Amino acid sequence: MRSRGHKILYRNFRGPRGGEVDLVCREKAGGTLVFVEVKTRRTLRYGPPSSAVNPAKQRHIARGALAWLKLLGNPGIPFRFDIVEVWFEGGDAKFRVIENAFQLPEPLIY
């Protein structure tokens, strides 16, 4: 994420009332807050790692993100949800970043 111009603010954030975010980042250009879910698979045999980020997982991540925003005093700053997929091919780690992978799921609001 650093190589993409992000500053990592926190790793493995857990909200006090549930929810979890793997990485909380801020884009250096533009200042968008980015909540990142990192998903890893050994192979792509059963599909891409992002396929594991189903609606229930999205709600879990979103609850963590909303807890983070609440700790900041609910600032009116832009934010989004990204997924980083990691998998292995021939012993080498490969990755792909999916920006704006999902929106704040219903019924959660900000």
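Which strands does helix H1 (residues 55-71) lie across? The points below take this up, for a model that is predicted.

1. The sheet. Five strands form an open sheet in the order S1-S2-S3-S4-S5, and their pairing is mixed. At the edges are strand S1 (6-14) and strand S5 (92-102), each of which pairs on one side only. On average, and with direction ignored, neighbouring strands of this sheet are turned by 30° against each other.

2. The S4 and S5 pair. Strand S4 (residues 79-89) runs antiparallel to S5, and eight bridges join the two. One of the residues to look up here is Glu 85, whose bridge partner in S5 is Arg 96.

3. The helix. To answer the opening question, H1 lies across S1, strand S2 (20-27), strand S3 (33-41), S4 and S5. The helix runs at about 145° to S3.

4. The largest pocket. Its volume is about 200 Å³. The lining is made up of Pro 16, Arg 17, Gly 18, Arg 63, Leu 66, Ala 67, Lys 70 and Leu 71. By class, four of these lining residues are nonpolar, one is polar and three are charged.

5. The second largest pocket. This pocket holds about 170 Å³ of space. Met 1, Ser 3, Arg 4, Leu 23, Val 38, Val 84, Val 86, Phe 95 and Val 97 line the second largest pocket. Strands S4 and S5 each contribute at least two residues to that lining. Seven residues of the lining are nonpolar, one is polar and one is charged.

Definitions and conventions:
Residues numbered from 1 in each chain as written. Predicted model: local features only at pLDDT ≥ 70, side-chain atom pairs only at ≥ 80, totals over all residues. Heavy atoms only, no water. Pairing = 2+ DSSP bridges. Helix = DSSP H or I, 4+ residues; strand = E, 2+ residues; numbered from the N terminus. Axes fitted to C-alpha atoms, helices over the stretch in contact; angles between N-to-C directions. Contact = heavy atoms within 4.5 Å. 1 Å grid on protein atoms, 1.4 Å probe; cavity = no way out; pocket = protein on both sides within 12 Å on 5 of 7 lines; lining within 4 Å. Points joined across faces, edges and corners; volume = space filled by probe spheres on them. Nonpolar A, V, L, I, M, F, W, Y, C, P; charged D, E, K, R; others polar.
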